[in-house]
Amino acid sequence: MCLSIPSKVLSVDENNFAMVDTLGIKRGVSLDLIPEQVNVGDFVLIHVGFAMQKIDEAAAKESLELYKQIADEIGSEEIESRFL
Amino acid sequence: MNYIKEYKDANIINNLKKLINNVKLDRVYNVMEICGGHTHSLIKYSIPSLLPNINFIHGPGCPVCVMPKSRLDEAIFLASMEGAIFCTLADLIKVPASNTSLEKLRAQGKDIRALYSPLEVLKIANENKDKKIIFFAIGFETTTPMSAILIEKVLEMGLKNVFFHINHVRVPEPVEALLNDKDCNIDGFLAPSHVSVIIGENAYLNMANTYKKPFAISGFEPVDLMHSLLNLSLQFKNKTHNVYNEYSRLVSKNGNEKAKELIEKYFRRDDFEFRGLGVISNGGLELKDEYDYINAKKVFDIKTNTKAENKACLCPKILKGLAKPTDCKVFGNLCTPNNPIGSCMVSSEGACAAYYKYNKI
């Protein structure tokens, strides 16, 4: 049941329904579970027809930045400080 | 950024593999992935073969796999009723009950529908006022708030022909049951992604402290899983037992408060018989008593005659981490996705289905 594909919000209507794009497939989803404002261009996680949560772009970028820095020369102490 | 390809980068995976193996653990550690979606990803990307010091135990986090036959028999009864439209999610219709399956019943002409969203029930109910619409609700905390919203809308709209059979289950109680089981020997956990989006990082703190076991909340992509496994390996080495949130792009400390409030509004805790684990106190949810008039278990006189499980099937042991799918005598021969004997083969997220699909056995 747990497909984890982020979807991009294309439009939001007055009934709190959004049209989203999931890897090129467009579909309607309810925004009733999301407490905060959802805007066109946001990425959301979809589950059984509902957006569950907005994706925190800053957190995603921070993780990726860390991964990109991973190289063989990182010492073990530094690994622990960064990954624990 | 599309949040998918960045988390599948082969170079990053390879570097994380080196880092994990460089931790040089003193023995093989048992890591349980609670969620069936994680089982699927781990096997798909051959992650177990990359990490010799980690033994993966496939946990009970597949909502279809943990459904006991007795509840499936109740589903069969409800779907067989005259004038009923039976609605549910996902793979459930394929799961064998004692004497038949919902899929077979549908082939015989019963109106059984697998929905994309619970909200489809509203349209079905409006268009079929003379029919009894049964929503057979399944899933962990991930789908529970969606059922709550459907209940709310059914009540708001005054629909009189919708009834709910609630089979929602919770993650913390079965995990705690496994930690209390002397046969289970788990060193740490990959905590589920979507359940954690709802219940939040803090939901695991008590278990981590009480049982001194580390948890890493992980996303589904291979980089997410490798990063989480690096954290667990470092925690094993340092003998710590923290809750680490790898999936911070979606999981907050307290989870989705709105979803949690909706769950509290309509449901109460109840015991639930998990397939393979037995009855777990407060492991499931039930509609609050004030909603008895929409509770299918109360409204209809459900009669079933549940048969015992097939003795050859190792699903119960697999769900406890005491056996691998390949240990089962019927795996891949008598039991296949086209002819599943146990639920771990029926659901695409079941451990047996993942082994069958990706190991090409």
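The paragraphs below treat the contact between the chains, then a histidine, then aromatic rings, and then a lysine.

This is a predicted model, in which local features need pLDDT of at least 70 and side-chain atom pairs count only at pLDDT 80 or more, while totals for chains, interfaces and linings use all residues. Residues are numbered from 1 along each chain as its sequence is written, chains are lettered from A and ligands numbered from 1 in the order in which they are written, and side-chain values use heavy atoms, with hydrogens and water left out.

Where chain A and chain B touch, 42 residues of chain A and 50 residues of chain B take part, contact meaning heavy atoms within 4.5 Å. The two chains bury about 4200 Å² between them, and 69% of this lies on carbon and sulfur atoms; buried area is the accessible area (1.4 Å probe) that two parts lose on being put together, summed over both. Between chain A and chain B there is one salt bridge, a term for a side-chain nitrogen of Lys or Arg within 4 Å of a carboxyl oxygen of Asp or Glu. The bridge joins B:K153 to A:D32, with the closest N and O atoms 3.1 Å apart. Eight residue pairs, both residues at pLDDT 80 or more, are in polar contact between chain A and chain B; a polar contact is a pair of N or O atoms within 3.5 Å, where within protein one must be able to donate a hydrogen and the other to accept it, and residues adjacent in sequence count only if both atoms are side-chain atoms.

On the side of chain A that touches chain B, the elements giving two or more residues are β3 (25-30), β4 (43-47), β5 (50-54), α1 (57-69) and α2 (76-83) of chain A. Helices (H or I, at least four residues) and strands (E, at least two) are DSSP runs, numbered from the N terminus. Of these elements, α1(A) gives the most, with eight residues.

Within chain B, B:H168 is found in strand β6 (residues 162-168). Is B:H168 buried or exposed? B:H168 has a relative accessible area of 0%, so this residue is buried, where buried means under 20% relative accessible area, exposed over 50%, and partly exposed in between (1.4 Å probe, protein chains only). Its side chain makes a polar contact with the side chain of B:T144, at 3.4 Å.

Over all chains, the whole structure holds nine aromatic pairs; rings of Phe, Tyr and Trp (its six-membered ring) pair if their centres lie within 6.5 Å, and planes under 30 degrees apart count as stacked, over 60 as edge-to-face and the rest as tilted. B:F135 and B:F164 have ring centres 6.2 Å apart and planes at 75°, so this pair is edge-to-face. B:F135 lies in strand β5 (residues 132-139) of chain B and B:F164 in strand β6 of chain B, 29 residues apart, so that the pair links distant parts of the chain. Both B:F135 and B:F164 are buried. The rings of B:F331 and B:Y356, with centres 6.4 Å apart and planes at 80°, are also edge-to-face. B:F331 is buried at 8% relative accessible area, whereas B:Y356 is partly exposed at 26%.

Finally, B:K213 lies in the loop between α10 (205-211) and β8 (215-217) of chain B. Not counting residues up to four places away in sequence, B:K213 touches B:L179, B:I186, B:D187, B:F189, B:A208 and B:H241.
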